[in-house]
Amino acid sequence: MTTPIFNLNDIILILAIGLSLVLALYQLVLPAKKNLAKILLATFFISISISDVGVMLIWNEYIPPTTWSAILVPYFYCSSLLLKAPLLLLYVRSITEENFHLKRIHLLHLIPAALALGVVGCFDIDINRLKLDTFGMDAVLYTIIDSLWYSLKIIPLAYFSAASITVWRYHKVLRQQHSDVNETALWWLYYLTLGFVFAGVWTLALSLLAYFYRLPLGVTDNYLNFILLIALFYYSISHAQHLTTTKEDEEFELPKESSAGVDTKPLDSTIDKILDGIVNQKLYLNQSLNVEQFSAKIGVPYRDVSYAINKTFGTNFFEFINSYRIEESKRYLADEKYKDMTIMDILLESGFNSKSAFQRFFKRLTGTSPTEFRREALRTAHFAKEPGSDLVKE
């Protein structure tokens, strides 16, 4: 009987390796606004392919290691695992921050990989030792390798968590700077980063389950990682290009109140200019309006605009502008003169460019849908015009 070389898990790994390399090459021809994002994502895919090759060479019993592969595989495997996580974090920042670029401080992300390579080299850790073959192994060396394995799981998990936090902060800043948010692209990115967090937690949990209960579930994380790989590629070509970028957080801090209080005169002046931009200029009708454009129109620094809106109206720029857009849409919906306009036409005339965002805001601010609001408003207006109606004013 022929002995199989690859099982189902190995086939998944082979598919992931091939797909990762194809996706890395595809980034070279993919049209994108930012070349840095393409480079970071391509490098991320390459690091995944290297780590999956390492998994196969380390754990597949039917692929005997050569002298060189036994020595080199731990180096490539450890470094790829500790580099792919910061690459994902940097990729997320590159597609969400307007002026993001690599700096010298980002070299600090290389430290975990460098330390892991140092441990592998200093303790002469080859494939057999990396698998913790305890026969004849010193207890100290066993502890060191065991700690290395946990670092290969905990450090990426920390980076994946940081990527999710970055998306959450991005959403928060986005609402301060822009009046329109691509919710679909945003939630895709958020769930994707959470998926990597879940994968990291699952990988760590599998190690603990194997240690305490000897449960053979270690291969299941390969399937999860394969799914995330496909999801990340889909996101990069379908949604990443449509994200609205923001300024770096440190450039967008609201003014802080002094202990002596805030001078109300400059604040009142700013509010007057904001209301002039809303009531007279109707700047909220601009579908792509952001806080910088709004500030330029009214002649006030954008930090002061954001602070004034937050301080006076208790909301952010995103909510503030959209509340006026909703009021504008209600005017169209309640007027029989515009009864032939579609909901899409009305939301566009009101300054929205997303039907989902319009419906979500309308429901939240009015407690009903645009269609229901229109039906009730027109019915009330019709009854008010009928002779003998209680709504008719004499």
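Me: What is the relative accessible area of Arg-331?
Reply: This is a predicted model, where local features need pLDDT of at least 70, side-chain atom pairs count only at pLDDT 80 or more, and totals for chains, interfaces and linings use all residues. Residues are numbered from 1 along each chain as its sequence is written, and side-chain values use heavy atoms, with hydrogens and water left out. Buried means under 20% relative accessible area, exposed means over 50%, and partly exposed lies in between (1.4 Å probe, protein chains only). Arg-331 counts as partly exposed, because its relative accessible area is 40%.

Me: Which residue forms a salt bridge with Arg-331?
Reply: Side chains of opposite charge can pair when their charged atoms come close. A salt bridge here is a side-chain nitrogen of Lys or Arg within 4 Å of a carboxyl oxygen of Asp or Glu. For Arg-331, the closest N and O atoms in its salt bridge are 2.8 Å apart, and the partner is Glu-328.

Me: Which helix holds both Arg-331 and Glu-328?
Reply: Helices (H or I, at least four residues) and strands (E, at least two) are DSSP runs, numbered from the N terminus. Glu-328 is buried, at 8% relative accessible area. Arg-331 and Glu-328 are three residues apart, about one turn of the helix, and both lie in helix α12.

Me: How many residues apart in sequence are the parts that Arg-364 and Glu-319 tie together?
Reply: Arg-364 and Glu-319 form a salt bridge, with 2.2 Å between the closest N and O atoms. Arg-364 sits in helix α14 (residues 355-366) and Glu-319 in helix α12 (residues 317-333), so the sequence separation of the parts they tie together is 45 residues.

Me: What is the N to O distance in the salt bridge of Arg-93 and Glu-97?
Reply: Arg-93 is partly exposed at 22% relative accessibility, whereas Glu-97 is buried at 11%. Their side chains meet in a salt bridge with an N to O distance of 3.0 Å.

Me: How many salt bridges does the structure hold?
Reply: The pair Arg-93 and Glu-97 is one of them. In total, the number of salt bridges in the structure is five.

Me: How many helices are there in the protein?
Reply: Of the 394 residues in the protein, 44% are buried. The protein has zero strands, and its number of helices is 15.
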